[in-house]
Structures are given as structure tokens and as C-alpha cells.
Amino acid sequence: TVAPRTWPHRHRLHKYWGRKPANLVARHVAFFSAPGELVVDPFAGSGVTLVEAARMGRAARGFDLNPFAARLGRALLDPPNAGRLQARAQAVMASLTAEVQGWYATRCRGCGGEAQAQSFVHHEERLCQVRYTCPCCGARGQAPPDEDDLALAALPAPAPAGAPDCDIFPGWQMRKLQRKGLERWRQLFTPRNYRLAALLRQRILQTREPRTREWLLLTLTACLAQLTRMIADNSGRGGGPSWKINSYWLPGRWQELNPLRYFNNRVRKSVAAAADLAVRGGCPAR
């Protein structure tokens, strides 16, 4: 009996429902095939079989009805240089930091200095709490919003031209949104988070190197749920700020998270994934 292990870094580029343990998949590939033989996965999903087969010198081919699965699999089999990926990600974030820093600023209730909000907690449409870290005194605090917080949240935040948006299509998974009166995908975001997500995408698309650009786009989609209003406030009950149900929804008490903070968290995972895939010379199979 072989116990399943947690996913190695190479399979943490993007979350995917139902991902299988890589060590068990690799064991089956090694048992049922030899180097140079063809391994086919007709339900490729997150690409675990394809990646593990390619790393062991097999020719890997996969199919999936989900177009995102195909896109993720292709990206994993053709990773960018980890160093260039990290450098470009840092450049993207640096190009936005000065522009958006004030959007997530608040006042430290301890020392009175300028702090950075980690999240704004809302009850329905009402901003009711600000959680922050203070670079001046090192405090991590939370407090009801003051007048400046409320004024900042009310400022208009027009999205750049070409920001992705369309009608929410009808379906079972959309019923919770329809009952809340949502008609467009942009309504899943607060105006400032939608603007910043669109600006991140805009800067990423300016990346010239195709593999780096594709991985940065996947890094953005990997944290996109955390930039929406779907992140329930669980008041420290565990699990962290994540999309916890397999449906689109708007919880009654929710958090507006700082997008740059969570994009940066995903960048670290993407860079680690690219570095892991390069350990054995990458994945030459397609």
C-alpha cells in the first residue's frame, strides 16, 4: 500500500477540483509503461498524469472537454524559466504599486500611522470592519471603519478599456447570483478590486515572452476568486480566505481582500512550480 502525499510544487500552479495525488499517479505510470512509450489520458483534468509521464520519459497525450484543462496542461508541459517568471511578476506588481497603494490604505488605530488594509469586511453592502497591518509600529489590528475608510470605499474606480465582462449566463450554478440580482460578471467584484484585477491582466498581457505571459495569466486566474465578493468572513474559524463551496454565491458577511497581496502569494507558488518542473529538465512532451 502506498499512501498518497500532498501535491509537489509543480502541481500547485493552479487549483483544480479532483486533482489526484502525483505520487500515486507516477507509480501507476511507472508500472504500466516504459520510457519512450505513449501514455494517454482521455480525461486529462489538471494534467497530473501528463506531467508525471513526461517527467519519466514517456510521450504524454491528453484530452479533456474542459478548455481550461487543456490550457493548464499545455502550460505545465512547457514551463517558463522560474527566474524570468519571478522578475516579470515583480515588474508587473511594481508598475501598479504606486498607482493603487492608496486604494487599500487605512489608519493604524495604535500609532496613527498609515497602514495597509488586508481586508475590508462587509455585512451585505455595509462596510463594517477593517483589518490591517501597520509598517510603522508592526501592529496587526482590526477596527470599525472610520470616515476615511468609508470615503475611500465610495470613490469611483472605473475599469480600464477592454476589461473582461459579459452577461452571467443562466444555469443551476448561477441561481444564487440571480437571486441576488447580479446580471454581469463584474458585479462579483467591488469596483476597486475589479479595476485592479483588470489592470493586472492588462500589464501581464504586455509581457513579450509567451510562456511567461501564459503562466502569469494562470497565476491571476488562480487567485481571481479571492478578489471577488465570494470570500466569506469566517471570523478566524480556520481555512483562510478562500472560495469554500462549489457554486457561485454572495455570502451575507464577506471580505474584500487586497488583490496585490494575494496575487503576490500566488506568484510564489507559480515560481516554485516552474522551478520544480525544471529539476529534471522540464517536460519536453506535449
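This is a predicted model: local features need pLDDT of at least 70, side-chain atom pairs count only at pLDDT 80 or more; totals for chains, interfaces and linings use all residues.

Q: How is the packing of two helices described, and at what angle do α1 and α2 pack?
A: Start with the angle and the distance between the axes. Helix α1 and helix α2 pack at about 55°, and their axes are 9 Å apart. An angle between 35 and 65 degrees counts as oblique, and α1 and α2 are therefore oblique to each other. The crossing of α1 past α2 is right-handed.

Q: Which residues make that contact?
A: From α1 come Ala-22, Val-25, Ala-26 and Val-29, and from α2 come Val-48, Thr-49, Glu-52 and Ala-53. By type, the residues of this contact are six nonpolar, one polar and one charged.

Q: Is helix α2 mostly covered or mostly open?
A: To judge this, look at how many residues of the helix are buried. Helix α2 spans residues 48-55 and is mostly covered, with eight of its eight residues buried. Among them are Val-48, Leu-50 and Val-51, as well as Glu-52 and Arg-55, which carry charged side chains.

Q: What covers the buried residues of α2?
A: The cover includes α1 (22-32), the strands β1 (38-41) and β2 (59-62), and the helices α3 and α9 (259-277). After α2 comes Gly-57, which has a positive phi, near 85°.

Q: At what angle do the axes of α3 and α8 cross?
A: Helix α3 (residues 67-77) and helix α8 (residues 210-223) have axes that come within 10 Å and cross at roughly 130°. Roughly antiparallel would need an angle over 145 degrees; α3 and α8 are therefore oblique to each other. Their crossing is left-handed.

Q: Which residues of α3 and α8 make the contact?
A: On the α3 side they are Phe-68, Arg-71, Leu-72, Ala-75 and Leu-76, and on the α8 side Glu-214, Trp-215, Leu-217, Leu-218 and Thr-221. These residues divide into seven nonpolar, one polar and two charged.

Q: What is the idea behind a nonpolar core, and which residues of the largest one touch the most other members?
A: In soluble globular proteins, nonpolar side chains tend to be buried together. In this model the largest nonpolar core has 46 residues, and the members that touch the most others are Leu-13, Leu-76, Leu-196, Leu-200, Ile-204, Trp-215 and Phe-263. Leaving aside residues up to four places away in sequence, Ile-204 touches Val-92, Arg-213, Leu-216, Leu-217, Leu-220 and Phe-263. A second, separate core of 14 residues includes Ile-168, Leu-182, Ala-197 and Leu-227.

Q: Is Thr-190 buried or exposed?
A: The place comes before the accessibility here too. Thr-190 is in the loop between α6 (175-179) and α7 (191-204). Its relative accessibility is 10%, and buried means under 20%, so Thr-190 counts as buried. Again without residues up to four places away in sequence, Thr-190 touches Arg-229, Trp-254 and Glu-256.

Technical notes. Residues are numbered from 1 along each chain as its sequence is written. Side-chain values use heavy atoms; hydrogens and water are left out. Axes are lines fitted to C-alpha atoms, for helices over the stretch in contact, and angles run from 0 to 180 degrees between N-to-C directions. Helices (H or I, at least four residues) and strands (E, at least two) are DSSP runs, numbered from the N terminus. Angles under 35 degrees count as roughly parallel, over 145 as roughly antiparallel, 65 to 115 as roughly perpendicular and the rest as oblique. A crossing is left-handed if the near helix is turned anticlockwise from the far one by less than a right angle, and right-handed if clockwise. Contact means heavy atoms within 4.5 Å. A nonpolar core is a set of buried Ala, Val, Leu, Ile, Met, Phe, Trp, Tyr and Cys residues joined through side-chain atoms within 4.5 Å. Buried means under 20% relative accessible area, exposed over 50%, partly exposed in between (1.4 Å probe, protein chains only).
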